[in-house]
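Here are some brief notes on the model below.

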Amino acid sequence: MNMQSSSFIARFYKYLFALGFIALVTAVLFALRESLDTALVALLYLIPLGLITAYWGLGPGITSALATFLTFNYFFIKPYYTFAVHRPTDVVILVIFLIVAIVISQLVGRMQSSLAAATAREREATQLYELSTGLAGLNDDRAIAQILAKQVQEVSQGEAVEVNIHGPHFLAFQLPEATQPARTPEWIVPLQVARGVLGEILLWRAAPAITSSEKRLLQTFASQGALALERARLAQAESRARVLEESDHLKSILLSSVSHELRTPLSTIKAAASSLRSNDVHWDSAARPELIAAIDDEADHLNMLVGNLLDMSRIESGVLKPKREWNILPEIIGSVLTRMKHLAGEHRVELDAPEGLPLVPVDFVQMEQVFTNLLSNSVKYAPEKTVIRVRAFVEGDAIHVQVSNQGPQVPPEHLERIFDKFYRITAADRVTGTGLGLSICKGIVEAHGGRLWAENVPDGFAFNFTLPLIWEGVSLPNLPMDTETE
Amino acid sequence: MSNAPHILVIDDEPQIQRAIRTILTEKGFKVTTASRGEEGLTLAATNEPEIVILDLGLPDMDGVEVCTRLREWTQCPIIILSVRDSERDKVAALDKGADDYLTKPFGIEELLARVRVALRHSAGRQGVTQSKVVKAGQLSIDLAWHSVKRGDEEVKLTATEYKLLAYLAGNHGRVLTHQSILTNVWDPADADHTEYLRVYMRQLRKKLEVDPERPQFILTEPGIGYRFIADE
């Protein structure tokens with residue numbers, strides 16, 4: 001209502017100014033009446049008329065033309081101060097004046113309104129241009145909604161604008177943020193593409209009522225927005241397709257590598273088993289226990305390989321969720337050492353953990369896996385009869401574990417990459433292992449919220465990792481203690 | 001061979017059936033096989049085997065379910081076969097009454113050791129008196145007199161430590177889940193507090209094991225529980 005009355009007042013003032021201007025001109029001409037010819041006055045009157053129409057539009061122009069007709073008649077045509085006309089020439093002048101005045105007003109007015117229309121069109125075009133440049137290259141639904149809402153708000157000057165986008169993730173963007181009126185919006189435009197409706201624009205503007213030209217513009221905005229959304233969907237689909245293609249490629253690399261890894265122990269088993277079966281190997285031959293041992297060892301190796309592959313796929317698909325419990329780290333290490341007794345072979349494994357090392361919230365089985373892999377890696381590379389040291393200590397609110405060996409150092413440029421799948425520093429590494437052990441360790445440690453890295457130490461090489469002592473924001477619960485003796 | 005112990009193997013994989021049957025028959029057991037859960041339950045009811053070896057991954061029903069159904073009427077030892085990384089299933093089956101587990105692939109020694117322990121326990125259940133003194137290396141645990149000795153030296157244990165050791169030693173050879181230990185030694189309400197168990201186990205090992213970091217008697221079964229290894 002407010003806006004309507006203010007525009008009414010503006011229009012009223014236009015008429016007032018127009019009539020005031022005519023009064024002024026009349027006053028000037030009146031002062032010069034005696035020296036001016038009636039026809040000249042008529043001509044001079046046409047100037048303000050043209051100007052009024054040009055500045056204030058057709059309505060004030062026509063009104064002024066009629067007013068001028070009356071003042072001209074009243075003040076400048078004899079007999080003065082009456083609307084009566086005596087001379088026939090004056091009648092002609094008056095009639096011509098009226099016709100010319102109205103025609104000029106109309107012409108100028110029409111020109112004026114077509115200029116206004118052209119300006120409006122230009123503004124629309126600019127707004128559309130701004131919208132489409134804003135939307136260009138956007139692949140994110142949220143950003144599209146944001147731009148769309150902003151532009152609609154700018155153009156409509158409404159109370160509130162909301163852009164809803166349907167799809168797998170429903171999304172609503174509001175302007176001004178979170179202050180949308182409680183009533184139903186005055187205008188809803190669907191964001192429509194050939195495949196269906198992708199969302200809608202909601203506009204709240206009670207007054208002034210939304211005009212049909214504004215509606216047309218908003219429709220155009222909506223279709224621009226819809227196109228941008230569709231483009232974004234297509235781009236997303238394309239990038240998904242590309243990711244799938246890449247992972248497919250990686251899988252085929254993995255598959256070829258895996259089949260090679262699987263075939264090596266299988267070949268050994270097959271060869272050993274078939275030669276035992278064929279009676280080529282004599283019952284009391286020394287080769288016999290050796291072949292049997294080979295079958296047993298390679299079967300274990302195969303089992304480890306399959307286990308590693310499973311772990312890896314679990315880590316990669318993100319389903320490796322540690323089943324956390326409060327555990328004693330040295331017990332986990334002890335369990336590994338007990339089982340690795342024969343594997344550790346000629347190495348001495350030393351455990352260096354303080355008596356009061358706090359319990360740590362980890363998945364026992366997964367941490368066992370980490371220690372097994374790190375220790376077997378150390379056993380593999382460090383020379384025999386050297387020491388492998390496992391150290392654990394508290395560092396801030398985490399436990400720091402270091403597994404160091406006296407093996408060869410790793411060139412600094414490889415330190416990061418040794419945790420990559422199937423990454424090997426030398427070709428000779430192919431002989432044993434799966435190339436997955438260290439990446440599994442990294443995956444497990446990271447799933448626990450820790451960090452795993454490798455470094456060269458003065459007398460060899462070391463793996464380091466951290467394990468947070470706080471689990472879901474909680475540190476170790478109190479433990480009941482009894483001290484009395486049985 | 002009519003009094004040879006009877007073992008029922010429920011496993012859907014023919015290769016595993018074949019291998020187990022061959023090995024156990026060779027060792028003097030009578031072996032029946034079933035490849036489905038229902039079939040296994042029927043055979044168990046008709047043949048009343050001394051031991052059931054049960055694969056957890058059966059085509060027609062959940063292995064844990066088979067365990068539960070068997071336990072409704074028989075106390076015969078059940079040894080579970082399962083693959084690595086299925087600790088949750090193993091624990092579920094053990095808590096539902098299974099006695100022991102083996103992770104595929106397993107060595108034959110492991111299988112035979114489990115079968116021996118199972119037979120001993122089934123004998124115990126049938127009223128055959130078991131020795132009240134459990135010996136493990138230098139250790140001797142007298143369950144009747146509540147005394148623990150290493151060599152000739154008395155080992156001082158707290159009440160809880162002794163209760164824990166007695167439960168483990170009384171079931172030596174068998175795997176005991178965290179939950180069953182916590183329920184039996186502490187209280188059913190403490191069944192989730194594995195940290196109690198970890199702390200007491202560390203104390204116990206310090207008092208009993210020669211090298212607590214490389215335990216010989218109280219073994220950790222990762223993700224499952226503990227097992228006490230006594231002299232056979």
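1. Two strands count as paired if DSSP finds at least two bridges between them. Strands are DSSP runs of E with at least two residues, helices are runs of H or I with at least four, and both are numbered from the N terminus. β9(A) meets strand β11 (residues 460–468) of chain A through eight bridges, and the two run antiparallel. A:Ile399 stands opposite A:Leu467 in β11(A).

2. This is a predicted model: local features need pLDDT of at least 70, side-chain atom pairs count only at pLDDT 80 or more, and totals for chains, interfaces and linings use all residues. Residues are numbered from 1 along each chain as its sequence is written, with chains lettered from A and ligands numbered from 1 in the order in which they are written.

3. Strand β8 (residues 387–395) of chain A is antiparallel to β9 (residues 398–405) of chain A, with seven bridges. The two form a hairpin with two residues between them. In the turn, A:Gly396 has a positive phi of about 65°. A:Glu395 stands opposite A:Ala398 in β9(A).

4. Chain A and chain B touch. The contact involves 24 residues of chain B and 27 residues of chain A (C-beta atoms, placed from the backbone, within 7 Å). On the chain B side, α6 (159–170), α8 (194–208) and β11 (218–221) of chain B each give two or more residues. The largest share, six residues, comes from α8(B).

Key: Two residues are in contact if their C-beta atoms, placed from the backbone, lie within 7 Å.
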